[in-house]
Amino acid sequence: MDHNNAPTNDDQDSAANVVGLEEYLKMTEEERQKLPKARQKKLAKLASKEEKKAVKAQTKPVESESTTKKQTAKKTNATVVSLNSVSDAVVPGQKKDTSTPFPPAYQPKLVETGWYEWWEAQDYFHVENGTDASKYKGKFVMVIPPPNVTGSLHIGHALTIAIEDALARWYRMSGYLTLWVPGTDHAGIATQSVVEKKLFKESGKTRHDLGREKFIEELRRMGCSVDWKREQFTLSNRLSKAVVEAFVRLDELGLVYRGTRLVNWSCHLCTALSDIEVDYLDITKPIKRKVPGHAKEVEFGWLTKFAYPVQGESAQEGHRLIVATTRLETMLGDVAIAVHPRDSRYASLIGKYAMHPFLPRKLPIIADEELVDMEFGTGVVKVTPAHDPNDYLCGQRHQLENISVFTDDGRINENGGPFQGMMRYDARVAIEKALEEKGLFYGKEENPMRLALCSRSGDVIEPMLKPQWYVRCSEMAMEAKNKTISGELKIIPEFHQQTWFHWLDNIRDWCVSRQLWWGHRIPAYQVFHNSSGKKVEQGWIVGRNEEEAKRKAAAKFNIPLESIVLEQDEDVLDTWFSSGLFPFSVFGWPNENEKDLQEFYPTTLLETGHDILFFWVARMVMLGLTLTGQLPFRTVYLHAMVRDKYGRKMSKSLGNVIDPLEVVDGATLEQLHQKLEAGNLDPKEVKRAMEGQKQEYPHGIPECGSDALRYGLLAYTIQGRDINLDVNRVAAYRNFCNKLWNATRFAILNLGESFRYDEKGLDAVLLHQGNEYIIDKWILSRLNDAVVRTNEAFEEYRFADAVQTTYSFWLYELCDVYLEAIKPKMSCSDESRKFASKCVLFQCLHTGLRLIHPMMPFVSEELYQRLPGRQQYESIESITIAPYPVAQSRWHNALAEEQVAFAQKIVKALRNLRAMYDVKRQIRPEMYLRVRDNKSFQLGEDTKDIIQTLALASDLSILAAFRDDPVPPGCAIQVVDDSCEVYLLLKGLVDFDVEYKKLQAKAEEKRLQVQAYQQKMQAPGYDKVPQQVKQRNEEYLAKYEQELNIIEEARKRFEQLLKESRE
């Protein structure tokens, strides 16, 4: 029996005949084949049409290279001329000519072209040294989190830019001396290959030059209003000097030391890694994965058991201790066997020895209650201090030897006996085989585990004992914590504070050594005695240069200056060290006389993602307090992490990584695939990623523009720790840009080129006592409310609220209500009546564009420059330096808001009636408002013209129930609330008899669909139907039942109207 199509009776055929298009599209091919042939054919035809429509709608903004020319050729001549005129008006660095004809449609690329170069040429974002700060409300200073210069912007960077640029522009427009300093990080662990030398040899450019050019271009495309004249690079001479000075000062304060400890080691990159450069993969069952340096895939997720033979006179011959490990290769570094001191099973063995099966090494059997849980497994633990953090602590407690068994590149070293020279995971296989041969292998079992991976290379991290430089952090961390408790340092959102405190309370010393050549070489020198050539014991010295280091060494070790030979440490500092100095090193620290340092440090705000709260923010706070005596900033704003719309972390292998410029410019599916193929993913991962892209972006990514991307990302900031980004939502904000464009274009056409704004026109509205300007007073009041709420949102870092407020004003109030309501006035011949409303309209555009500018800089500038008569009204050259709107108390009008709110609810009810009875827009029926009290009657009379215009009525009559005013027959009714109801005269517009029969037919069709699903779900054997099929059936039944109810309600209404028309 095919449960998907139960029941198998005559009703099944009727059910098949009423399958709709929506259900058909979700069917498998097998299910479709079981439909009647005629129904199959009809639905296939409908599906084909629907698919073509969808493809056309989706692919329009993302033209493939093969179709671009053909589609362009089909455009009208008028459009081509318009676009060309805009393109010709752009001269890089010069102001765009906006006297050209207003393009008929919003096109991001044309709108966003040219403005940034002009802003930069005008120095709008640059702050001159010695600027008189007293002329400003205050200062707003911020540094950009320096992205890796070798990389390109990802969507997380785009969110950072959207937030920070919105703040910078808002503060600048609000009258603050605003400085936003850009910079790039040298990306220490990024690829260091011969390619760079080849690039320099062939083109004279380093990867910094090439990366910087791309990086700066991307920031400019996003509208970043940074001061490029102050741009800094963490490897520049200026910042390098600061790095050396910082390390030396920390050493002089006793906060730097050299120690041998376990570090996160990447065998592939041959360097230690910071915690943030380590990703974790939770394994629930055994998996195979590729590991750099190994030809074959390596299997993880197994717990291997093997035995150590016990040696000693008191031990029984053949006694063995069974241990278990997920990293069998580390047994070559085992130096002890641990048991619990209270475990009676092994009490007699404590102090004895076990023999290593492959090496001439005796392993003491020790008691350690911290390492061993006697209830877990056999209660016996192998101890490998050189390759496990817990074992290392155990080794410290028992003074055990640390035996490292890996070379820097992951091979077994000389301590590995017969396995020397093997790659670590090849040795794992060989050791297992050798244990089997010796009869010491006790099998394997699946074991959930957490695998530490290098975020750069995918290499499996190996804990390794290495001599490294460390910075003591406990005292610095406590000072940072106290500054937060006192309120001197604020962290927003506040829920991050507890995490901040937890990390500071449990801080560990910071390993700052990296085994690379690309970075700041550690200013530490090993001291040798010239006469013997031997190293001086504990002979390390830190100095600003070799000369200073020699003097320090001579004093510290009591050696004649001429007898000292120094060798500088080849390691470089962790890139987070130089980044931690960024808020003050960019201003010239350690030069206390540097004007920038005096004027702009400390900064105002640090904005970044919460994922680097500790790795960067905490270190900036600690280093700032320690080295400058001041907090580097007073406020930290942490934004959420960007994930895909399903909440998954963005990963190249999933194909869900979003390049901001692919959203800005659009990208075909073919282009997305090409980018994957050009990357360094494994072919299997490329195929998987392509499938992901095909599923998510079947028609590519539509062109949205920078404004829509910024606005969309800011709208998402209402979410907490994670942002589940849906590109389609960003595309919706591109449609909003189009609405903004068309509304402004319509408004400017109504204003006319000769319009000149006059404040007296606004006064005429505000001082008028009658009803003529109710809608004008209302829009000014709503505009004032939007100004108040947007400013409050920026002050409180509620960016999503700023988006919602500006979006609602432009779309739902200005476009949907005001522009529609004033159309009759704009078309009348009385210029004196029109002028006051024109002034209101101009003020709405002028203020509304400035209001939205920090979030949408390009389209707001384009439209602002096109406002007629603006330059006669003000001498401001650009919206970027225009004053940000502030509240105008005289614009607030509670009465006008009450009046229009009343009108809006009446209009909504009348529109519902129009939709209910399918009254077309071009038809202007008579409408009636029937009220039950004097207040509602007065509100109706006051707003009659507004209601009539917005509801598209030929006439609106206000009827009073308390006077028993009659309602004409043949009207549809809808109750608004307990104070009034509305009527729509349908007589003469609708053939009630025909409409009633149509509804009867529709009701019968839906009833058959409902019955078919009810029978299907009540059939014998339905309990065996797959759950997903049951769920789908339930959804369709509920859908059809709801549709049937709606049709029945409509049928009853027409039945009543039909009865009335015959009376």
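Alanine 452 sits in strand E17, residues 449-454; helices (H or I, at least four residues) and strands (E, at least two) are DSSP runs, numbered from the N terminus. This is a predicted model, in which local features need pLDDT of at least 70, side-chain atom pairs count only at pLDDT 80 or more, and totals for chains, interfaces and linings use all residues. Residues are numbered from 1 along each chain as its sequence is written, and side-chain values use heavy atoms, with hydrogens and water left out.

Is alanine 452 buried or exposed? Alanine 452 is buried, at a relative accessible area of 18%. The cut-offs are under 20% relative accessible area for buried, over 50% for exposed, and partly exposed in between, with a 1.4 Å probe and protein chains only. Beyond its neighbours within four places in sequence, alanine 452 has contacts with Val278, Asp279, Tyr280, Asp459, Val460 and Ile461, a contact being heavy atoms within 4.5 Å. For valine 278, the C-alpha to C-alpha distance to alanine 452 is 6.3 Å, across 174 residues of sequence.

Next, the salt bridges. There are 67 of them in the structure, each defined as a side-chain nitrogen of Lys or Arg within 4 Å of a carboxyl oxygen of Asp or Glu.

One of them pairs glutamate 370 with arginine 397, with 3.3 Å between the closest N and O atoms. This pair links distant parts of the chain, 27 residues apart: glutamate 370 is in the loop between strand E14 (362-367) and strand E15 (380-383), and arginine 397 is in helix H13 (residues 389-398). Glutamate 370 is exposed at 63%, while arginine 397 is partly exposed at 33%.

Another joins lysine 675 and aspartate 659, at 2.7 Å, N to O. Here lysine 675 belongs to helix H23 (residues 669-677), and aspartate 659 to the loop between strand E28 (641-644) and helix H22 (660-665), 16 residues away. Lysine 675 is partly exposed, at 43%; aspartate 659 is buried, at 12%.

Glutamate 820 and lysine 823 form a further bridge, with the closest N and O atoms 3.2 Å apart. Separately, bridges with shared partners connect Glu245, Arg249, Glu252, Arg544, Glu548 and Lys552 in one network.

Last, confidence. The chain averages a pLDDT of 87, and 87% of the residues score at least 70; pLDDT is the predictor's confidence in each residue, from 0 to 100. Where is confidence lowest? That is helix H5 (residues 65-73), at a mean of 39, whereas helix H28 (residues 774-795) is highest, at 98. Over residues 1-18, pLDDT stays under 50, and the model has 31 contacts there beyond four places in sequence.
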